Amino acid sequence: MTTPASRTRTTEFEEQFTGGFRNASRVKTGIIELDEMLRGGFMGGDAVLVAGSAGSGKTTLALQYLVNGIVKFGEPGIYVTFEQMPDQIYRDAKNFGWDLRKLEQENKFRLICTSPDLLLESQGENLLDEAIKEIHPRRIVIDSLSHLEMFLPKGDLRKEAYRIVSYLKTKGMSSILIWEAGQMTNSFSVTEAGLSFLVDCIVALKPIEIESSVRKALAILKMRGSDHDKQLRQFEITPTGIKIESAFSNYEGLMSGSPRRVASEKFVELFRSASEKHK
Ligand SMILES: Nc1ncnc2c1ncn2[C@@H]1O[C@H](COP(=O)(O)OP(=O)(O)O)[C@@H](O)[C@H]1O
Ligand SMILES: [Mg+2]
């Protein structure tokens, strides 16, 4: 898609943030419970930020979104990575039962392993053009914007991320942009990097310590133009991928990192243990 010269940046900006490139059809992740949380899936053409600390499951979620897109919904996809060696991605994906090489041979998938400066230099165009021509992707993952940030002068991430997001939208792709939050910082405060307003949807992954065990939690922090599940949901990384479980309904303070049982629960528990002692 070429952009007519008459279309100014402002027009693009307005269209983008009022939904010009978005559409009502849902882009399903194929993870049933997540699609339910999203009331059917991400919105067509949306840029989704998946934020979380290292090991929280971002790459797994993103790969599953692409593989399901291809296998279940006939939507080819591209995975752009700055962080891992390609062999490692093929191998890790295979352990989940996802044969990326086969999908590549079938022209439904492309793994693009590159350095952030190359992507920035070309604004994605030259770098992705060939793959776009070959497989006509509908979905794309960028893993990760945090790596991109390391190659940029301080404060330039927002501008570059905006350029990339705009480019992907004009190509009609729905995207997942990965943001690796530091282990010690609160992964829910993605707004610090100023990316929040750029993206249409934010999914946060977070390890949570409850009663001496660490569990994984997922929350949809925002979704433009759609209702969504507001609960913090527990999830597991299983040998077949991400599996979403029940909500942490009995706890409060999970977002702030100091979970405690809600008072009523605590009361019930105290009451129960007291009555058991008297048995
Ligand atoms: N084949 C597998 N089966 C089950 N769990 C796995 C498998 N591969 C990876 N994991 C789990 O996923 C975690 C890494 O997830 P990943 O998506 O790479 O995280 P991130 O991209 O956020 O750093 C590992 O620490 C491990 O617990
Ligand atoms: Mg990763």
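# Exercises on a sheet, a core and a ligand shell

This predicted model contains an open sheet of 9 strands with mixed pairing, in the order β5-β4-β6-β7-β3-β8-β9-β10-β11. Let's work through it together.

**Exercise 1.** Find which strands stand at the edges of the sheet, and say why one side of each is left without a neighbour.

*Solution.* Start with the ends of the strand order: β5 and β11. Each of these, β5 (109-113) and β11 (241-247), has a single partner strand, so one of its sides has no neighbour in the sheet. On average, neighbouring strands here are turned by 25° against each other, direction ignored.

**Exercise 2.** Work out in which sense β3 and β8 pair, and then follow Val-48 into the nonpolar core.

*Solution.* First, a reminder: strands of a sheet pair through backbone hydrogen bonds, either parallel or antiparallel. For β3 (residues 47-52) and β8 (residues 201-210), the sense is parallel, over 4 bridges. One residue to look at is Val-50, whose bridge partner in β8 is Val-203. Next, turn to the largest nonpolar core, which has 63 residues; Val-48, Val-50 and Leu-177 have the most contacts inside it. Helix α3 gives the most to this core, with 7 residues. Finally, beyond its neighbours within four places in sequence, Val-48 is in contact with residues including Phe-42, Leu-177 and Val-203.

**Exercise 3.** Describe the residues that surround ligand 1.

*Solution.* Begin with the count: 14 residues, the closest being Lys-58, Thr-59, Thr-60, Asn-95 and Ile-237. Then sort the shell by class: 4 nonpolar, 8 polar and 2 charged. Last, ask where they come from: α3 (58-73), α4 (86-95) and β10 (233-238) supply at least two residues each, and α3 has the largest share, with 3 residues.

Conventions. Residues are numbered from 1 along each chain as its sequence is written. Chains are lettered from A and ligands numbered from 1 in the order in which they are written. This is a predicted model: local features need pLDDT of at least 70, side-chain atom pairs count only at pLDDT 80 or more; totals for chains, interfaces and linings use all residues. A residue is near a molecule or strand if its C-beta atom, placed from the backbone, lies within 6 Å of it. Ala, Val, Leu, Ile, Met, Phe, Trp, Tyr, Cys and Pro count as nonpolar, Asp, Glu, Lys and Arg as charged, and the others, Gly among them, as polar. A nonpolar core is a set of buried Ala, Val, Leu, Ile, Met, Phe, Trp, Tyr and Cys residues joined through C-beta atoms within 7 Å. A residue is buried if 20 or more other C-beta atoms lie within 10 Å of its own, exposed if 12 or fewer, and partly exposed in between; C-beta atoms are placed from the backbone. Two residues are in contact if their C-beta atoms, placed from the backbone, lie within 7 Å. Two strands pair if DSSP finds at least two bridges between them. Axes are lines fitted to C-alpha atoms, for helices over the stretch in contact, and angles run from 0 to 180 degrees between N-to-C directions.
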